[in-house]
Amino acid sequence: MFGLLIAFNNYTGMGGIKGIITAPWVGFANFVALFQSHFFWRLMRNTLILSGLRLLFGFPAPILLALLLNEVRMRKFQRVVQTITYLPHFLSWVVIAGLVSMLLGSDGPVNSALVGLFHIQPILFLSDPHYFRGVLISSGIWQSIGWSSIIYFAAIAGVPQEQYEVAIVEGATRGQRAWYVTLPWLRYVIVILLVLSIGSIIESDFEQIFNLYNPAVYEVSDVFDTYVYRRGLQDHDFSYATAIGLFKSVISFGLVMVANRIAKGLGQEGLW
């Protein structure tokens, strides 16, 4: 928390803690420079769009996977699927980015299949702004879906079997049991994780974007985190980068408060 003082002074990175204290005080000048920057609205737009797409497609994905796995009666097959979906979580984004680049490259298997089947020109998925966001969202879901489903699968294990038995007696199909018995049981967990997800909507998966993006797609992929990296570490503008980080933290805190209040207003349990 002491380091947040850097956002309000002109810190050069020299002198350690003493340098932070003795650096010239500039007040809110770094924040004013951020809001007046011609990059600000591009960063805000890209951050909100990418986070919104992750929330729209990425948040329900592990819930759906957990519900589907719960309906599998072959336990060996269930464990195999769980293991396969968990594995990408333990891979570095450097490795995943290499795999994605290999698969989606101009000479990769995906383009080779498209050219062979539809006789079209190779698509530059990682250099074309029209496709890049789709690559980010889909690769993010693939990397996190298995790991994120663990908490839902654990919650499903606590569903009283009597509820399933009553549903079976009433003639409910598997789909109806999942919709009317399993999903309502997950309501509390879903609300808590949704509140946390909304609170982090201003955040972005820096490692994923950093390892996949390039200047050709900055217009649709450059977010606050990647901009902080360039300004803070490459340009050594530590105060400006810290101001951006503090701005993000304040927005995230406000979003958590609002999402929690909305959840409680709808009759659900919130974080507090």
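A residue counts as buried when its relative accessible area is under 20%. The legends below use that cut-off for a predicted model.

**Figure 1. V72 in the loop between two helices.** V72 sits in the loop that joins α4 (60–70) to α5 (75–86). Its relative accessibility is 18%, so V72 counts as buried. Apart from neighbours within four places in sequence, V72 is in contact with F77 and Q78.

**Figure 2. V72 and S239, two residues set apart in the chain.** In sequence, 167 residues separate V72 from S239. In space, the C-alpha atoms of V72 and S239 are 53 Å apart. For scale, the C-alpha atoms of the protein chain fill a box of roughly 75 × 55 × 30 Å along the principal axes.

**Figure 3. The protein chain as a whole.** The protein chain has 15 helices and zero strands. It holds 272 residues, and 40% of them count as buried. Among contacts between residues at least 6 apart in sequence, 67% join residues at least 24 apart. The protein chain exposes about 15400 Å², and carbon and sulfur atoms supply 69% of that area.

**Figure 4. Charged side chains of the protein chain.** There are 17 positive and 15 negative side chains. The centres of the positive set and the negative set lie 4 Å apart.

**Figure 5. The largest pocket and its lining.** The largest pocket holds about 710 Å³ of space. Its lining is made by 27 residues, and those nearest the pocket centre are R54, G58, S144, S148 and S197. Three helices, α3 (40–58), α8 (129–156) and α11 (187–199), each supply at least two lining residues. The most comes from α8, which gives 11 residues to the lining.

**Figure 6. Helix α14 and what covers its buried residues.** Helix α14 spans residues 224–234. The buried residues of α14 are F224, D225, T226, Y227, R230 and G232. The cover over these buried residues includes α3, α12 (206–212), α13 (218–221) and α15 (238–265). Helix α3 also supplies at least two residues of the lining of the largest pocket shown in the previous view.

**Figure 7. H236, after the end of helix α14.** H236 follows α14. The phi of H236 is positive, near 60°. Helix α15, one of the elements that cover the buried residues of α14, covers residues 238–265.

How values were computed:
Residues numbered from 1 in each chain as written. Predicted model: local features only at pLDDT ≥ 70, side-chain atom pairs only at ≥ 80, totals over all residues. Heavy atoms only, no water. Helix = DSSP H or I, 4+ residues; strand = E, 2+ residues; numbered from the N terminus. Buried < 20%, exposed > 50% of the residue type's maximum accessible area, 1.4 Å probe, protein only. Contact = heavy atoms within 4.5 Å. Areas by Shrake-Rupley, 256 points an atom, 1.4 Å probe, with all protein chains shown as cover. Lys, Arg positive; Asp, Glu negative; His and termini not counted. Charge placed at Lys NZ, Arg CZ, Asp CG, Glu CD. 1 Å grid on protein atoms, 1.4 Å probe; cavity = no way out; pocket = protein on both sides within 12 Å on 5 of 7 lines; lining within 4 Å. Points joined across faces, edges and corners; volume = space filled by probe spheres on them.
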